[in-house]
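The sequence and structure are shown first.

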Amino acid sequence: MAVIGLGRFGTSLALELVRRGTEVLAIDHRPKVVQSLAGQITHIARADATDPEALRQLGLPDFYRAVCAIGSDLEASILTSSLLVEMEIDDIWAKAVSSQHGRILSRIGVQHVVFPEHDMGERVAHLVSGRMLDYMEVDENFALAKTLPPKEYVGIPLGESSLRRKYGVTVVAVKRPDEEFTYATAETELGYGDVIIVSGRTDKVERFAELP
């Protein structure tokens, strides 16, 4: 995988991919940034990503997947992304800093546009405004949340709780104190001190997580 642009987002992404065992070619035009990350990423190169010849010399046309993590320089982001499209890379991801930026990236052929700052802000807003311990929106109107079981459902088998009918969410996993998460079943009884993961429509999950 190629990651182009080693700001905070690109660096974090590249290091996490390497940690998970993915071979990464990281590209940035700033010598200090490249030097500081040397030895931490599989392959790292200093290059101008808006120069098609530089990308070809680095073998970008042979990559199946590439991420344009350039955000602050919109011209460089759009030009680099367009070069990746021209090279017919199968799976292209790009960071956008605004909805307009994202629309342009989509129009030039980027398959996946991500909004790290917006998504993180949305996630933090959910965490600070209620009882959620973690939150992830997996589709436009579907979310997963890590939260605590409401008092009214403690000690009742999930199959007898009418929880899904009443609140429109499903408890998919449970973590007992000092244990790992396990899948929830109809026989699972929630207890005080448990942590649960629930899934459902975003508004339903939000409402459920606010229950005392």
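## End of helix H4

The model is predicted. Just after helix H4, Glu 88 adopts a positive phi of about 60°.

Helix H4 comprises the 13 residues 74-86.

At the start of H4, the backbone nitrogen of Glu 75 has a side-chain oxygen of Asp 73 within 3.3 Å.

## Burial of helix H4

The buried residues in H4 are Ala 76, Ser 77, Thr 80, Ser 81, Ser 82, Leu 83 and Leu 84. An α-helix has 3.6 residues a turn, so residues three or four places apart point the same way.

The cover over the buried residues of H4 includes strands S1 (2-4), S4 (65-68) and S5 (91-95), together with helices H3 (52-57) and H5 (99-107).

## Aromatic pairs

The model contains 2 aromatic pairs. One of them joins Tyr 153 and Tyr 167 edge-to-face, at 6.1 Å centre to centre and with 80° between the planes. Tyr 153 lies in the loop between strand S8 (142-147) and helix H7 (163-167), whereas Tyr 167 lies in H7, 14 residues apart. Both Tyr 153 and Tyr 167 are buried.

Tyr 167 also pairs with Phe 208: the ring centres are 5.9 Å apart and the planes stand at 70°, so this pair is edge-to-face. Because Tyr 167 is in helix H7 and Phe 208 in helix H8 (residues 202-209), the pair ties together parts 41 residues apart in sequence. Phe 208 is buried, as is Tyr 167. Through these ring pairs, Tyr 153, Tyr 167 and Phe 208 form a cluster.

Conventions. Residues numbered from 1 in each chain as written. Heavy atoms only, no water. Helix = DSSP H or I, 4+ residues; strand = E, 2+ residues; numbered from the N terminus. Expected span 1.5 Å × (residues − 1). Buried < 20%, exposed > 50% of the residue type's maximum accessible area, 1.4 Å probe, protein only. Contact = heavy atoms within 4.5 Å. Polar contact = N/O pair within 3.5 Å; in protein donor to acceptor, adjacent residues only side chain to side chain. Phe/Tyr/Trp six-rings, centres within 6.5 Å; stacked < 30°, edge-to-face > 60°.
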